[in-house]
Amino acid sequence: MLSRWSAWLLTIFALLLVWTTPQPLQAAPDTAVTNTANFSTDVIYQIVTDRFHDGDPRNNPKGSLFDGTCKNLKKYCGGDWQGIINNINDGYFTGMGVTALWISQPVENIYDVINNAGVQNTSYHGYWARDFKKTNPAHGTMEKFKELVKAAHSKNIKIIIDFAPNHTSPAMETDPNFGDNGRLYDNGTLVAGYTNDTSRIFHHNLGTDFSTIEDGIYRNLYDLADLNHNNTVVDKYFKDAIQLWLDMGVDGIRVDAVKHMPFGWQKNWMSSIYSKAPVFTFGEWFLGENEVSADNHTFANESGMSLLDFRFAQTVRQVFRDQTQTMQSLNNMIVSTAKDYKYVNDQVTFLDNHDMERFHVNKANKRMLEQALAFTLTSRGVPAVYYGTEQYMTGGNDPDNRARMSSFLTNTTAYKVMGKLGPLRKINPAFAYGTTKERWLNNDVYIYERKFGNSVALVAINRNLSSAAHISGLVTALPNGEYQDMLGGLLNGSELKLTSGSVAPFKLNAGAVAVWQYTVEETNPVIGHVGPTMVAPGQKIFIDGRGFGSEKGIVYIGGVRLDGADILSWENTHIEVKVPPIRQIHPTHRAGRYDVVVETARRSTSTAYSSIQVQTAPQVSVRFVVQGANTDMGQNVYLSGNIFELGLWEAESAIGPMYNQVMYKYPNWYIDVSLPADTQIQYKFLKKKGSHLSWEGGRNRTYTTPISGTDTVMVNWQHQ
């Protein structure tokens with residue numbers, strides 16, 4: 001955490017830069033590294049650990065695994081946690097406004113060299129795990145990892161780990177000697193290998209063709225040994241493994257390949273994580289250019305974790321990098337995603353990553369990258385920057401996009417853009433929590449306003465690198481006064497003047513980006529963020545915003561008053577609350593979606609933050625299989641029941657459509673569901689085709705969920 005002296009200097013610095021008039025009080029910056037549920041005020045920096053900085057050559061792999069020159073990008077190059085620590089301590093990250101580091105999966109990986117079509121491949125990337133409870137020795141020991149976390153926290157930097165519970169390593173069903181045979185170890189003890197897998201730790205359904213969501217979940221992703229999450233051993237293993245890393249002090253988790261694991265299992269896994277620590281978690285669900293997926297939206301809105309925002313990234317690449325879309329498309333993306341994602345400010349925005357071509361192209365004008373970077377840092381969502389972006393690194397697809405860090409210069413324009421804009425997310429809540437409104441738009445110019453309470457930010461971008469734009473008729477919520485460009489003219493921006501509620505006409509230079517802002521202390525409470533967005537009774541939620549006051553007030557969840565012991569802490573910008581038993585929230589003891597409202601000690605009330613999932617109880621994963629459910633063309637089978645997790649008998653909230661191709665085949669249907677542990681439920685299946693419904697006959701079915709682990713329920717369709 002920043003010292004009071006450092007925080008005071010940061011505030012004064014912001015005041016000097018923001019405006020000449022007017023000069024209201026500066027809102028206190030949000031700097032608490034202990035608030036791991038909220039990353040809205042952070043800037044994430046993604047590091048492929050092996051490619052960043054070799055701080056300790058003694059831990060470099062031996063033999064054919066290693067290429068110290070890093071010319072062979074399929075082999076280890078030597079980057080490690082000590083190298084990251086060195087850059088933490090020398091201020092490299094702090095200088096560019098970075099407050100969170102997302103590092104490669106830290107677990108032990110295979111030591112084999114895999115030959116594919118004559119090309120030698122190693123596990124330098126961290127995605128070929130063999131033991132999720134041990135460290136990758138090429139990166140460091142567990143003690144070194146603790147040192148990394150401690151060093152980061154001392155600089156108010158959070159640590160996010162990549163985590164890939166979908167699979168282990170490459171394997172072949174017919175060849176137990178291929179690679180490491182996908183073996184999974186539990187702190188050194190063998191759990192199973194891919195061949196002769198009598199305990200069904202893995203799926204054995206061949207590789208996916210990506211044709212359906214089901215096919216991608218229950219078949220192998222490429223040649224990787226795909227884990228069977230319906231297995232109780234696997235379920236417990238990954239709950240225990242992630243708890244180990246949480247105990248090491250990690251602040252966030254990036255989950256690999258969420259599209260390729262059962263939705264129900266992941267939701268139950270997230271429930272176990274939040275029972276331990278309410279850390280910010282986001283998953284990877286790849287979307288291509290112009291791809292929009294309702295399943296993607298459902299996952300982001302219902303799973304308890306956020307997603308990497310590929311719609312944002314793909315559009316930004318088209319608009320600024322490829323110039324195949326206009327600024328109109330950029331605004332359309334902002335508007336549409338705000339409707340599709342319930343928690344749009346929690347989605348992680350980015351320009352590129354280890355699975356995409358780098359944004360910057362060799363010999364391209366650097367201003368395109370600088371503009372895209374400025375847009376990402378001032379837009380809604382949690383911005384993530386891929387290592388080397390600030391050094392204008394280039395590279396095509398894997399592995400060229402994963403080259404060794406080219407330099408650690410602190411005087412590049414991109415580095416300076418990050419250093420100027422990143423800290424604004426903590427100083428002005430409009431950047432972290434604000435709504436977005438288009439204020440001036442044509443094919444090349446986008447001027448948008450972020451607003452939160454009475455704090456305002458206005459951003460203007462002219463992507464035309466050869467012609468200035470003449471701006472007139474601009475309307476903004478900024479008060480009258482003169483506003484300096486927060487980039488200090490770094491990207492050819494200039495000051496802005498408002499008189500009599502009107503912006504004077506001005507010229508937005510060719511290739512310019514300008515950022516103007518106004519921050520004022522709120523006198524009434526305004527909620528910016530509540531997290532986690534999925535909780536069970538007894539778990540914590542964190543409420544962030546402005547104007548809560550220093551004296552403890554009241555929090556309402558679903559209209560139920562929480563005060564006294566349920567409010568764990570209260571500050572002007574941050575409140576911690578323990579979720580009460582369900583019977584206090586709803587008269588029939590029903591879980592559901594509930595709004596959060598803050599009332600200050602002076603009886604000033606916020607607008608509702610809509611809405612968080614309050615579960616019936618901590619969750620387990622259960623597979624439901626219904627046999628003999630014949631359907632008409634276009635008709636699908638769904639599951640419903642008497643609890644929130646099963647849709648409360650409401651057909652539009654039923655679970656499904658169920659699957660019928662891989663694990664079980666038509667007319668048998670199946671689905672994995674997250675349900676409250678040790679709870680008796682009632683349920684039934686139904687068929688849906690558009691608005692037409694057909695419920696199965698007979699009485700409601702009853703079932704009691706297990707206390708822990710997983711279960712499978714197999715029944716026959718009840719005819720009328």
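Author: A crossing is right-handed if the near helix is turned clockwise from the far one by less than a right angle, and left-handed if it is turned anticlockwise. Helices (H or I, at least four residues) and strands (E, at least two) are DSSP runs, numbered from the N terminus. The model is predicted, with local features needing pLDDT of at least 70 and side-chain atom pairs pLDDT 80 or more, while totals for chains, interfaces and linings use all residues. Residues are numbered from 1 along each chain as its sequence is written, and side-chain values use heavy atoms, without hydrogens and water.

Reader: Which hand does the crossing of H9 and H11 have?

Author: Right-handed. The axes of H9 (residues 310-322) and H11 (residues 366-378) come within 10 Å and cross at roughly 145°. Axes are lines fitted to C-alpha atoms, for helices over the stretch in contact, and angles run from 0 to 180 degrees between N-to-C directions.

Reader: What makes this a contact, and which residues of H9 and H11 meet?

Author: Contact means heavy atoms within 4.5 Å. From H9 come Phe-312, Val-316, Phe-320 and Arg-321. H11 supplies Met-368, Gln-371, Ala-372, Phe-375 and Thr-376.

Reader: Why are E18 and E26 called edge strands?

Author: Two strands pair if DSSP finds at least two bridges between them. E18 (435-441) and E26 (513-518) each pair on one side only. The open sheet has the order E18-E19-E20-E26, with antiparallel pairing. Its twist averages 15° from one strand to the next. E18 and E19 (residues 445-452) share 6 bridges, and the test asks for at least two, so they pair. Lys-437 has Glu-449 in E19 as its bridge partner.

Reader: What makes the pairing of the sheet E38-E36-E42 mixed?

Author: This open sheet has 3 strands and mixed pairing. E36 (residues 619-627) and E42 run parallel, joined by 7 bridges. E36 and E38 pair in the antiparallel sense over 8 bridges. Ser-621 stands opposite Thr-710 in E42, and opposite Ser-674 in E38.

Reader: How do you know that E38 is largely enclosed?

Author: 8 of its 8 residues are buried, so the rest of the structure largely encloses E38. Trp-669, Ile-671, Val-673 and Leu-675 point one way. Tyr-670, Asp-672, Ser-674 and Pro-676 point the other way.

Reader: Why is Ser-611 called buried?

Author: Its relative accessible area is 5%, below the cut-off, so Ser-611 counts as buried. Ser-611 lies in E35 (residues 609-614). Ser-611 touches Lys-342, Tyr-343, Arg-593, Tyr-594 and Asp-595, not counting residues up to four places away in sequence.

Terms used:
Buried means under 20% relative accessible area, exposed over 50%, partly exposed in between (1.4 Å probe, protein chains only).
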